[in-house]
Amino acid sequence: RRLALERAVLLRYTRRVRAAASRILRLALSEGPDDDALAARLADALGGAGHPRAQHDVLDARAEAAFTRFDTRAAAAHIRAAAEVAFRRLGDVDAAWHRLAPLALGARAALEQLRDLAREASQEARFADLRVRHARSAEGVKAAAAWEDAARAYETADDPAKAFEAMLRAYAHDLDDDARLGEVDRLGRALGAHGRLAQVYERILRDHPMDAAWERAVTLRLAGVLEVAGGAGEALRHCLRAAELSPPETWLVKRIAALALTSRQEETAFAALEGQALESPTHDAARVDALGLLAELTGRAEDLEVALERLFAATLDRAAAERLLRRRARLLSETLHRPAEAAPLFARLAAMTGDAADQRAQLAALTAAGAHDARVALLARLAEASRGEARLEHLRALARAWEEDLANRWEAIDAWERVLAVRAGDPAAEAALLRLRASG
């Protein structure tokens, strides 16, 4: 037997010895591993000598002999090798497929080999159908993986409807799998199955327990589907729910604003975000910022001013009160151009904080409002309460106010003299006094 096998190798498995060598090979392979090693040499030699059909037959024989010895691992390896020869050397896709398909469910290597075969031979739909059969006979993680494989193969085979359905089934095995849900969303949108997607998301929200972060993510997906389907009002409702679950980011506020304008529900959107700000602990700055941005995008500055007043009245937190008061004062001064109303707010803020910036803002508001008497009175108080350079600056500003705003020559002279009392030889004070005395 050994001599016959060696002769078959040397003769490169010619037609004359093929039948005899095959019979001897089957006998030899059933005897033991030494003969199997010899058969491996024979298979390699046949492949190298350009006899892929004979090499394929030898590999099939090796697989049969391995099964006879109950060596299933070796048998699977020989079958995979025979399939590789059938596909790569003989171009016989079906022969390769029929060898690999029975192994694919239980052997990962065979499954990957079959996947490569499907991709290279344009057999993705066939592979997808096989994975569907695997999924229906499996459970848990294995079933989900098979459905996902099928979905991806169907998509490659240009069958989006089957791809969507298969991915839905994969996702159904784990409703907390955000990656698969994202694929469901992508495939459903590509298919235009917005109604079906909306049903999926509504069912998840209704029936599946979840934390706030996951609920927010699903709610935003539902809003996106509804928006594409033309339901701006419903999309807005779900975006507002997402904003309620956690402070909205800038992009979400912009989306809420766009949906509100499209559905003509600006008042509803503003009221919802205001309510969320009122209910948040210490009137969360992020929620107030969101309300401010929405007001800016929808042209509701007047409503924002009223809302800030309500928020200020409701807060018990000092830091939040300062923040809200400053925001309202700036809104009145810079956006609504009502400096006369802003000035007392800045005064209150300055009294709370003692911040020089708030004092300057109050002075600017008084100037813009034309409230010169009030500005002079404030400057006089600031000058009395200040020391050093700050006192000097307030005295100079007071002197200019008397001279330029109120045109009171005598008070202006008195104020400039006070500047000189603090800093002798001050150039601005000396020039002003020279000018004022000469004008008398």
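# Salt bridges, loops and helix packing

Asp 149 and Arg 115 are both buried; buried means under 20% relative accessible area, exposed over 50%, and partly exposed in between (1.4 Å probe, protein chains only). The model is predicted: local features need pLDDT of at least 70, side-chain atom pairs count only at pLDDT 80 or more, and totals for chains, interfaces and linings use all residues. Residues are numbered from 1 along each chain as its sequence is written, and side-chain values use heavy atoms, with hydrogens and water left out.

Me: What share of the contacts in the protein with a separation of 6 or more comes from residues 24 or more positions apart?
Reply: A contact means heavy atoms within 4.5 Å. Of the 440 residues, 46% are buried. Among contacts with a separation of 6 or more, the share from residues 24 or more positions apart is 50%.

Me: What percentage of the accessible surface of the protein belongs to carbon and sulfur atoms?
Reply: Accessible areas come from the Shrake-Rupley method with a 1.4 Å probe, and for residues only the protein chains shown count as cover. The total for the protein is about 22300 Å², and the part belonging to carbon and sulfur atoms is 51%.

Me: How many salt bridges does a search of the whole structure find?
Reply: A salt bridge is a side-chain nitrogen of Lys or Arg within 4 Å of a carboxyl oxygen of Asp or Glu. Searched on that basis, the whole structure has a salt bridge total of 34.

Me: Which helices hold the partners Asp 149 and Arg 115?
Reply: The two side chains form a salt bridge, with 3.1 Å from N to O. The pair links distant parts of the chain, 34 residues apart: Asp 149 is in helix H9 (residues 140–156) and Arg 115 is in helix H7 (residues 108–120).

Me: About how much of helix H5 separates Glu 84 and Arg 88?
Reply: Glu 84 and Arg 88 form a salt bridge whose closest N and O atoms are 3.0 Å apart. Glu 84 is partly exposed at 33% relative accessibility, and Arg 88 is partly exposed at 42%. Because they are four residues apart in helix H5 (residues 72–88), their separation is about one helical turn.

Me: Which residues do salt bridges that share partners join into one network with Arg 180 and Asp 177?
Reply: Arg 180 and Asp 177 meet in a salt bridge, 3.6 Å from N to O. Both of these residues are buried. Through shared partners, Arg 180 and Asp 177 are joined into one network with Glu 148, Arg 152, Glu 155, Glu 183 and Arg 186.

Me: How far does the backbone oxygen of Glu 64 lie from a polar atom of the side chain of Thr 68?
Reply: Thr 68 is in helix H4 (residues 52–68). At 53% relative accessibility, Thr 68 is exposed. The distance from a polar atom of its side chain to the backbone oxygen of Glu 64 is 3.0 Å.

Me: What is the phi of Phe 70, which is not a glycine?
Reply: Phe 70 lies in the loop between H4 and H5. At 74% relative accessibility, Phe 70 counts as exposed. Its phi is positive although the residue is not a glycine, at about 60°.

Me: Near what value is phi of His 337?
Reply: His 337 is in the loop between helix H19 (318–335) and helix H20 (339–353). The relative accessible area of His 337 is 59%, so this residue is exposed. Its phi is positive in a residue other than glycine, near 55°.

Me: What arc around the axis do the buried residues of H12 cover?
Reply: In H12, the buried residues are His 194, Leu 197, Ala 198, Val 200, Tyr 201 and Ile 204. They are on the same side of H12, because the arc (taken from the directions from the helix axis to the C-beta atoms) is only 160°.

Me: Which helices do the buried residues of H12 pack against?
Reply: On the other side of H12, Gln 199, Arg 203 and Arg 206 are exposed. The buried residues pack against helix H10 (160–172), helix H11 (178–191) and H13.

Me: Which helices do the buried residues of H14 pack against?
Reply: The buried residues of H14 include Leu 236, His 238 and Cys 239. They pack against helix H13 (212–228), helix H15 (250–263), helix H16 (266–279) and helix H17 (285–298).

Methods. Helix = DSSP H or I, 4+ residues; strand = E, 2+ residues; numbered from the N terminus. Polar contact = N/O pair within 3.5 Å; in protein donor to acceptor, adjacent residues only side chain to side chain.
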